[in-house]
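Please open the model in your viewer and keep the selection tool at hand. The tour below goes from one selection to the next.

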Amino acid sequence: MNMHGVATGRVPSGDGVPIAYEARDLGRGLPVVALVHSLAMNRRFWDPVAERLAGRAALLAIDARGHGESGRGDPPYTVQRMADDLRDVMDHLGVERAVVGGASMGGCVALGFAGTHPGRASGLALVDTTAWYGPAAPREWEDRAAKALAQGLPSLVDFQTTRWFSDGFRAREPEVVRACIDVFVANDPQAYVASCRMLGAFDGRPLMAGLRLPTRVLVGGRGLRGAGGHGAGAAGGHRRGTAAGHPRGAPPHAAGGARRRRGGRARTVRGGRPMTPFEFLLPYSLEEALSWLDPEDPGVRPVSGGTGVMLMMKAGVLRPTRLVSLHRIGRQHAAVAVNRDGELTIGGMARLADIEREPSVRERWPLIAHALRGVANPRVRAVATLGGNLAHGDPHLDMPPVLSALGARVVLRGPQGARMVDVEDLYTGYYETVIRRDELITEVIVPPQAGPAAYLKMTTRAAHDWPALGLAVVLRMDGDAVRRATVVAAAATDLPTRLSGAEAVLQQGGLADTVVRAAADAAAAEARLVGDAHGSAAYKTELLKVAFRRVIQTAMARHGSRA
Ligand SMILES: Cc1cc2nc3c(=O)[nH]c(=O)nc-3n(C[C@H](O)[C@H](O)[C@H](O)COP(=O)(O)OP(=O)(O)OC[C@H]3O[C@@H](n4cnc5c(N)ncnc54)[C@H](O)[C@@H]3O)c2cc1C
């Protein structure tokens, strides 16, 4: 220990990995605070805290394994192992009990420590952290690890900088930002990858029920609650995550002035960084927008009207790292026109309401106009775009089956140029499309509507609910004979699905009642229907038969009224 009461050293952990520590004022009868830093930082992270605690508490800060001056050890890492590392250091220094705290990754470790060494934690401080990063965590953390491995830690600097620090803080304190980034890029990539995988696999929720100790949770004041609201996850069982914290994983002095909530265990830090911030970019050109997309990072998404993106973020299934808004370039790619071949061309960023109002659409593609009138509500249609509707990949959406039945195709533009894909071939699974991460739908081309057509969506709980079944049909007639039938089912299936067996029955037999019934049976036999909250697969089988007959009747009735 030096004259300032600071002792440093390395202690072999249970599995022999040396764990570096720094202790201040131990043995002076002060309460001990033991702290674990965030991912890719080191114990210097807590220096500003040490200054504030001087004279009031003894401080013990460790370098987590794979970080700072600690050894790397062999992966896989686990939160439990890191918690045991802290215990081993405490044992070595004769510290029986401490208030244990951690930021981000360190918060997981602190939680793990308190949950598995209950007698050794006298209090818990959880800073911008979580007990569980959510169902998509293994994939998300693996993606981050893969990027670090493939492109090196410097490739994550932009992401990390905006994630840790608010715009204002970056402008005010560039030297703090620089210092943190220097620590970040100096990390051992293998240890970083092992730590990412550890966090992806971590689920500390079962530990929380057994915690009986004073706990303080700090989360970002401008946090995106519900969309990566990690603090809420950590606070569950104690207090809702209404508190705000310092910048995620950044040194505590990066925060604004702290304000204590009266009577609460939560603390608000004004100007605190959101927990899962993301970049929001507003490019001026299509080329610029494409350059901001990232084929490697699933967290980078284009956003048009944002109605689908917001639904995903609210549900917690999308935690973007960057949203590339198409708002500014929307107008250049929103034209609705009829080309020289008599095809309808619609810009990918055309709003649904504008398409619906277009006279040529109403006149020559009444199927589209009718279907659009049933999409969501006027407010959603006023901002939602056709490109967003087609790219979303949710099988419950209306335009994919409609445009698939009409034989439409989309133009996908990416860094390598443009390619054309039939809407029918756009979907590969539930929320899965062939659209590459660095491509945008810039245009939709719809051949002339061949003849009678209709789209029926059946809801089972409320009229405005998501459909249990969507069914689109387009017929090319030759007198009473059906020259060509196109039937596409959605919502009840994982992806929009052509029902070619039913089409063949209609093409061979026409539209007599018995034929339509036989075609409906064929449709029910071939469709791979999935049961969900809107009805079982067996129920949807019967629903499909009924809907099939109705959609044909509707198509013919509308056609008759136009003739
Ligand atoms: C209350 C409510 C009710 C709804 N009801 C219906 C309904 O009845 N029927 C229905 O069909 N939909 C419905 N939706 C869903 C929504 O209307 C559609 O998903 C909408 O068309 C999406 O368009 P957007 O421009 O808002 O897409 P966004 O939310 O901006 O994006 C959706 C997805 O597409 C991607 N994306 C956006 N634009 C492009 C592009 N040009 N190229 C490539 N990828 C792109 C985004 O990255 C994202 O993955 C509803 C939504 C809400 C909020």
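Two strands are taken to pair if DSSP finds at least two bridges between them, while strands (E, at least two residues) and helices (H or I, at least four residues) are DSSP runs, numbered from the N terminus. This is a predicted model, in which local features need pLDDT of at least 70 and side-chain atom pairs count only at pLDDT 80 or more, whereas totals for chains, interfaces and linings use all residues. Residues are numbered from 1 along each chain as its sequence is written, and side-chain values use heavy atoms, with hydrogens and water left out.

Select residues 6-12 and 18-24 to begin: these are β1 and β2, which run antiparallel and are joined by 7 bridges. Within this pair, Ala 7 stands opposite Ala 23 in β2. The hairpin has 5 residues between the strands, and Gly 16 takes a positive phi near 90° there.

Next, select helix α5, residues 157-164. Here 7 of the 8 residues are buried, so the helix is largely enclosed by the rest of the structure; buried means under 20% relative accessible area, with a 1.4 Å probe and protein chains only. Among the buried residues of α5 are Phe 159, Arg 163 and Trp 164.

Then turn to an open sheet of 5 strands, whose order is β13-β14-β19-β15-β16 with antiparallel pairing. Its edge strands, β13 (336-338) and β16 (417-422), each pair on one side only. Neighbouring strands of this sheet are turned by 20° against each other on average, direction ignored, with axes taken as lines fitted to C-alpha atoms and angles running from 0 to 180 degrees between N-to-C directions.

Finish inside this sheet by selecting β14 (residues 344-347) and β19 (residues 440-446), which run antiparallel and are joined by 4 bridges; Ile 346 stands opposite Val 444 in β19.

Notes: Buried means under 20% relative accessible area, exposed over 50%, partly exposed in between (1.4 Å probe, protein chains only).
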